[in-house]
Amino acid sequence: MSNNTAKVDVVLGLQWGDEGKGKIVDVLAQKYNIIARFQGGPNAGHSIHHGESSFVLHSVPSGIFREGTDNLIGGGVVLDPIIFRQECEELEKLGVPVRERIRISKKAHLITPTHRIIDAASEASKGKSKIGSTLKGIGPTYMDKTGRNGLRVGDILAPDFQDRFEALKKKHIAFLKQFDYAYDPDTNVKEWMAAVDYLRTFDLVDGEYYINDRLAQGSSVLAEGAQGSMLDVDFGSYPFVTSSTTICPGACLGLGVAPSSIGHVYGIFKAYCTRVGSGPFPTELFDETGEELRRQGHEFGATTGRPRRTGWLDMVALKYAVMLNGVTELIMMKADVMDTFDTIKVATGYIVDGKPQDTVPYDTYAEVTPVYQEFKGWKQPLSGIRDEKDLPVEFKEYIAFIEQQTGVPVTVISLGPDRDETIFRK
Ligand code: IMO
Ligand code: MG
């Protein structure tokens, strides 16, 4: 590799998703030539606000609103043509030239209508122990990928695509026999095929060559993660996870870039925690404070509309995510949600089965009680502040504590959904 080859910077969620990746990628996008999604699919909901209007992206990278920025949907992504089409048509209504700005890796896998049915049937069969999946067909599609049955975007160019689709559908119908689940196998099939025709009008590329060629030409790349580290298929709270590699190595896998080409790793976290779906959440609050976080933070799913579970910042989990990702810079979101709080708590350790522990427990079902450190609230609105030196001292102490605990500087502070509600620290 020549020394001129540019690096791939990565933006990742460090918690359970919904950290604000959409806003941050949109803000950072002006510094990059290419924004690339590398994993996940329409389970993601990346919100971008410009003044009064807001837009939720599910499959399209968050660089789409920047003129002159190219957006790549990488091979590690799972794509639902129906959702992709809806999203693109909405963007076109806003005047965004989607075909000009989006490229799609032929290696991305296709979510078919029966994948979504399997997701729903599987969740229904689990009853109380359900994952709380977004029901977008993510898990079944990744299962078919690793099971070597999947359909990829590039396959839509093959003359026998229709036959391959029918063959997979047949397999799915056989698989669905194990569930006591009523469904119509033809649900959305027509619409899906029409959306595949729409997909064919896009620039379908060999994503790994595309990105490496551009890097060799000196183009800068920002890889946009979906979900969060605590939902990673290997290191999250298994089985309450998503089905892809959400941590930094996922950018290499999903784009086809070498580990040595990774540059900055931006880790995004909220000043508190949220989780949507089932699974452990040690610092979860069930009281008025939790309600206040949900209300002030508008903590309702961008993809499913579900109310998000809310709780205090979990330093044990945050340090774990920093370790797994090799985070070089931290980006802190939504501290303004806690503007009125007298006291702010951070879990610095756990009591697990009666014993103190400062690591994330292997046992997803373990009885975990957080040990908290308390901080004085700043009790003033943060959202109007644009200059670091105007930040209240209590807030600066909160940040200093996070930096000291993680060993990573907080270089960006976001205090509202808009682009300009962002402080870049020197
Ligand atoms: P963004 O990119 C928050 C959660 C689901 C469920 C689990 C598995 O917006 O941060 P799946 O549909 O992937 O099989 O669901 O993961 N989940 C998310 N939670 N934000 C997301 O994406 C999520 N994507 C999946 O709620 O608990
Ligand atoms: Mg989300």
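## Loop between S10 and H9

Gln227 sits in the loop between S10 and H9. Strands (E, at least two residues) and helices (H or I, at least four) are DSSP runs, numbered from the N terminus. Gln227 is not a glycine, yet its phi is positive, about 60°. The loop between strand S10 (221-224) and helix H9 (249-255) also holds Pro239. Tyr238 and Pro239 are joined by a cis peptide bond, with omega about 5°.

## Basis of the model

This is a predicted model, in which local features need pLDDT of at least 70 and side-chain atom pairs count only at pLDDT 80 or more, while totals for chains, interfaces and linings use all residues. Residues are numbered from 1 along each chain as its sequence is written, chains are lettered from A and ligands numbered from 1 in the order in which they are written, and side-chain values use heavy atoms, leaving out hydrogens and water.

## Ligand 1

There are 21 residues around ligand 1, and Asp18, Lys21, His46, Thr134 and Thr242 come nearest. Such a residue has a heavy atom within 4 Å of the molecule.

Gly45 places a backbone N or O atom 2.9 Å from a ligand oxygen. For Ile131, again through a backbone N or O atom, the distance is 3.5 Å. Arg306 uses a side-chain N or O atom, at 2.9 Å. On its own, ligand 1 has 550 Å² of accessible area, and the protein covers 97% of this. Areas come from the Shrake-Rupley method with a 1.4 Å probe; for residues, only the protein chains shown count as cover.

## Helices H4 and H5

Helix H4 (residues 113-126) packs against helix H5 (residues 138-146) at about 115°, with axes 7 Å apart. Axes are lines fitted to C-alpha atoms, for helices over the stretch in contact; angles run from 0 to 180 degrees between N-to-C directions. H4 contributes His115, Ile118 and Asp119 to the contact, and H5 contributes Ile138, Pro140, Thr141 and Asp144. Contact means heavy atoms within 4.5 Å.

## Helices H6 and H7

Helix H6 (residues 161-176) and helix H7 (residues 189-199) cross at roughly 140°, their axes coming within 13 Å. Phe161, Gln162, Phe165 and Lys169 of H6 meet Val189, Trp192, Met193 and Val196 of H7.

Note on methods. Polar contact = N/O pair within 3.5 Å; in protein donor to acceptor, adjacent residues only side chain to side chain.
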